[in-house]
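Take a first look at the whole fold before reading on.

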Amino acid sequence: MPTITAFENSPDRGKGHARDMRVRWAFEEVGQPYDVRLLSFAAMKQPAHLALHPFGQIPTYEDGDLTLFESGAIVLHIAERQDGLLPKDANARARAIAWMFAALATVEPPIVELTMAMLFERDKGWYAERLPMLHDRVRVRLGELSRHISEADWLDGAFSAGDLMMVTVLRRLNTSGLLDEFPDIAAYVARGEARPAFRRAFDAQLAVFNAASRP
C-alpha cells in the first residue's frame, strides 16, 4: 500500500490547501487505499525526511522501492498507473497532462505569491501598494482560464488529472473574493469540490487537523 506524508498539524487549519490534498484526491478518484505518515515541521527538516524530499516539504510518496516528491509528479504517477484520471486516447491524454503543467507552472505561481503576501507581508510599509498588482496578476490568469472554460464542465472533455490539479490550485482563492469576479471559474471549482472523491479526501485531511487541535 502506498504511503504519503502530510502535516501533523496543517498550517491551513483544515481548509484543504496543503498539497497532500491533491494526492489524497487522486487516490480517492482511482480507488487506491493508502497510508499517511504525519510529520511535524521539525521532522520535515531531519535527514530521514530530507532523504525522501530534498526540500523538506510534503507530500512524499513511497511504494516499494519507489520514492517520489512534488505533488504534481505523484498525481501523474498515480494517474498513469490506474484508470480514472487520464483519457485512453493518446492525444487527449497528452492534453490532460499539459493542463496539469499549466495548473502548476502558469496558474499557481501568481496565486501563491498573492496568498503568501497576504499571510506574511501585511505589516510591511509597501504591502498596500503592492497588493493591487498581485491581484491583477491573478486576474490575468483567471481571465485567460475563463475564456477557455466558457460553458464547459471541465478543461478538456471528461474530468481528468488536469482538472484535479487546477481545482486544487484555484481553491486557494476561495476567500479572496477574486473568484466572484469569474462566475464560470467559481462554478468550475464548485463542481470539483462536489465530487465524492474530493469530499472523502477533504474529510480525511480535516480529520487530521481536528485530531491535532484537541486538547
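Which residues of α1 are buried? They are Asp-20, Met-21, Arg-22, Val-23, Arg-24, Trp-25, Ala-26, Phe-27, Glu-28, Glu-29 and Val-30. Buried means under 20% relative accessible area, exposed means over 50%, and partly exposed lies in between, with a 1.4 Å probe and protein chains only. For α1, 11 of the 11 residues are buried, so this helix is largely enclosed by the rest of the structure. Helices (H or I, at least four residues) and strands (E, at least two) are DSSP runs, numbered from the N terminus. Just after α1 comes Gly-31, with a positive phi of about 75°.

Some ground rules come next. This is a predicted model, where local features need pLDDT of at least 70 and side-chain atom pairs count only at pLDDT 80 or more, while totals for chains, interfaces and linings use all residues. Residues are numbered from 1 along each chain as its sequence is written, and side-chain values use heavy atoms, with hydrogens and water left out.

Now pick out Arg-24. This residue lies in helix α1, which covers residues 20–30. Why does Arg-24 count as buried? Because its relative accessibility is 3%. The side chain of Arg-24 makes a polar contact of 2.7 Å with the side chain of Asp-20. A polar contact is a pair of N or O atoms within 3.5 Å; within protein, one must be able to donate a hydrogen and the other to accept it, and residues adjacent in sequence count only if both atoms are side-chain atoms. An α-helix has 3.6 residues a turn, so residues three or four places apart point the same way. Leaving out residues up to four places away in sequence, Arg-24 touches Ile-4, Ala-6, Tyr-34, Val-36, Ala-201, Ala-204, Gln-205 and Val-208. Contact means heavy atoms within 4.5 Å.

Move to strand β1, where Thr-5 has its place. Thr-5 is buried, because its relative accessible area is 0%. Its side chain joins that of Thr-60 through a polar contact of 2.7 Å. Neighbours within four places in sequence aside, Thr-5 is in contact with Asp-20, Arg-37, Leu-39, His-49, Ile-58, Pro-59 and Thr-60.

Next, look for empty space. Rolling a probe the size of a water molecule over the atoms shows where empty space is left. The search runs on a 1 Å grid over the protein atoms alone. A cavity is a set of points where a 1.4 Å probe fits but cannot get out; a pocket is an open set with protein on both sides within 12 Å along at least five of seven lines; lining residues have an atom within 4 Å of a point. Grid points are joined across faces, edges and corners, and a volume is the space filled by probe spheres set on the points.

How many cavities of 30 Å³ or more does the structure hold? There is 1. The largest cavity has about 70 Å³ of space. Its lining includes Asp-20 and Arg-24. β1, α1 and α9 (196–213) each supply at least two lining residues. The largest share, 3 residues, comes from α9.

The largest pocket has a volume of about 1,100 Å³. It is lined by 38 residues, and the closest to its centre are Asp-12, His-17, Met-116, Leu-119 and Arg-172. α5 gives the most to this lining, with 9 residues. By class, the lining of the pocket has 16 nonpolar, 11 polar and 11 charged residues. Ala, Val, Leu, Ile, Met, Phe, Trp, Tyr, Cys and Pro count as nonpolar, Asp, Glu, Lys and Arg as charged, and the others, Gly among them, as polar.

Step back to the domains. The protein is divided into domain 1 (3–84 + 197–213) and domain 2 (90–195). These bounds come from an automatic or database domain assignment. The two centres, taken over C-alpha atoms, are 21 Å apart. The contact takes 19 residues from domain 1 and 18 residues from domain 2. Each domain gives at least three residues to the lining of the largest pocket.

Finish in helix α5, with Val-112. Val-112 touches Arg-19 and Arg-172, residues up to four places away in sequence not counted.
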